[in-house]
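Student: Could you walk me through this one? I'd like to begin with its surface and then go on to the fold.

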Amino acid sequence: MLTKLEDPLLGPTIKGLRAWGMWQAERGIKQVFYNIVHILATLFVISQYVELWFIRSKLDLALRNLSISMLSTVCVVKAGTFVYWQNDWRNVINFVSLTELSQSKDKSTEHISREYRKYSRLVTYLYWSLVAATVFTVILAPLVSFLSSPMHRERIINGSAPYPEIMSSWAPFDKSRGLGYVIMVIEHTLICFYGGGIVATYDSNSVVLMTFFSGQLEILKVKCSMLFGDGSSVVNNEEAVSNIKKCHYHHINLVNLFTALALGDKTT
């Protein structure tokens, strides 16, 4: 199943970013739909802070709301900034993919590419699994709370206590019972999957890019050691100059790209 995600280094990451609406390579109905989802998610975060205002006098509820609201804020900021800086991210990812493809047949450094690609896959899939487990834990936590305490369950059944919430957010209707509660459960479940997908794909993309830089520096180190030959043979002057130019070009590209990512320089 995982082989369907394979590609030069960023294959699974790009598919994840596309699935959660951050990688919008094509304009059309899909782009509009994903942007509407991002806007709705932002409105949901605002509703969490509205609810925080109403329950500000209840410390335990306010702290619970704030802990989730901050995480939700991080999710929508990650999604929004990625979409806003779409062209810059596309330039970075295209550079990484082209670099990977151009080095795939270089036998002297192929083992380095293979190792850091394997490491990136391991980190990506393990992190996705961890986020998925976290999302299901958050969604099922109210059900576990309902089933684990007979006294609390009895209070909920007789109406003296509200049904447990997945998250704390404001709604213009009674969300503690009946249809309103069902609507809130569905909304919170969808938001959990949305936030989990955003965090998983955005963070894994960052880690994979850092792994790429580390691997490319190792490759550059090997190429620099072979500027004038591999030890068993010596290259002529023209080949040596060509090797120096290639290493210099490789180094300059990596430095420029790293500077653009670290400093947000749109002109680099």
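This is a predicted model: local features need pLDDT of at least 70, side-chain atom pairs count only at pLDDT 80 or more; totals for chains, interfaces and linings use all residues.

Student: Which residues make the nonpolar surface patch?

Tutor: The patch, of about 560 Å², is made by Val 32, Ile 36, Ile 39, Leu 40, Leu 43 and Ile 46.

Student: Where is Ile 46 found, by the way?

Tutor: Ile 46 is found in helix 2, which covers residues 29–54.

Student: And why does Ile 46 count as partly exposed?

Tutor: Its relative accessibility is 44%, and because partly exposed residues lie between the 20% limit for buried and the 50% limit for exposed, Ile 46 counts as partly exposed.

Student: Changing topic, how many helices and strands are there?

Tutor: The secondary structure comes to 8 helices and 0 strands, and read along the sequence the pattern is α-α-α-α-α-α-α-α.

Student: Is it spread out or compact?

Tutor: The protein is more spread out than a compact globule, because its radius of gyration is 25 Å, well over the 18 Å that the globule rule gives for 268 residues. Along its principal axes, the C-alpha trace spans about 90 × 35 × 35 Å.

Student: What about burial and contacts, then?

Tutor: Buried residues make up 37% of the 268 residues. As for contacts between residues at least 6 apart in sequence, 69% of them join residues at least 24 apart.

Conventions:
Residues are numbered from 1 along each chain as its sequence is written. Side-chain values use heavy atoms; hydrogens and water are left out. Patches are made of residues with over 30% relative accessible area and no salt bridge: like charges are joined within 9 Å, nonpolar side chains (Val, Leu, Ile, Met, Phe, Trp, Tyr) within 5 Å. Accessible areas come from the Shrake-Rupley method with a 1.4 Å probe; for residues, only the protein chains shown count as cover. A salt bridge is a side-chain nitrogen of Lys or Arg within 4 Å of a carboxyl oxygen of Asp or Glu. Helices (H or I, at least four residues) and strands (E, at least two) are DSSP runs, numbered from the N terminus. Buried means under 20% relative accessible area, exposed over 50%, partly exposed in between (1.4 Å probe, protein chains only). The radius of gyration is taken over C-alpha atoms; the globule rule is 2.2 Å times the number of residues to the power 0.38. Contact means heavy atoms within 4.5 Å.
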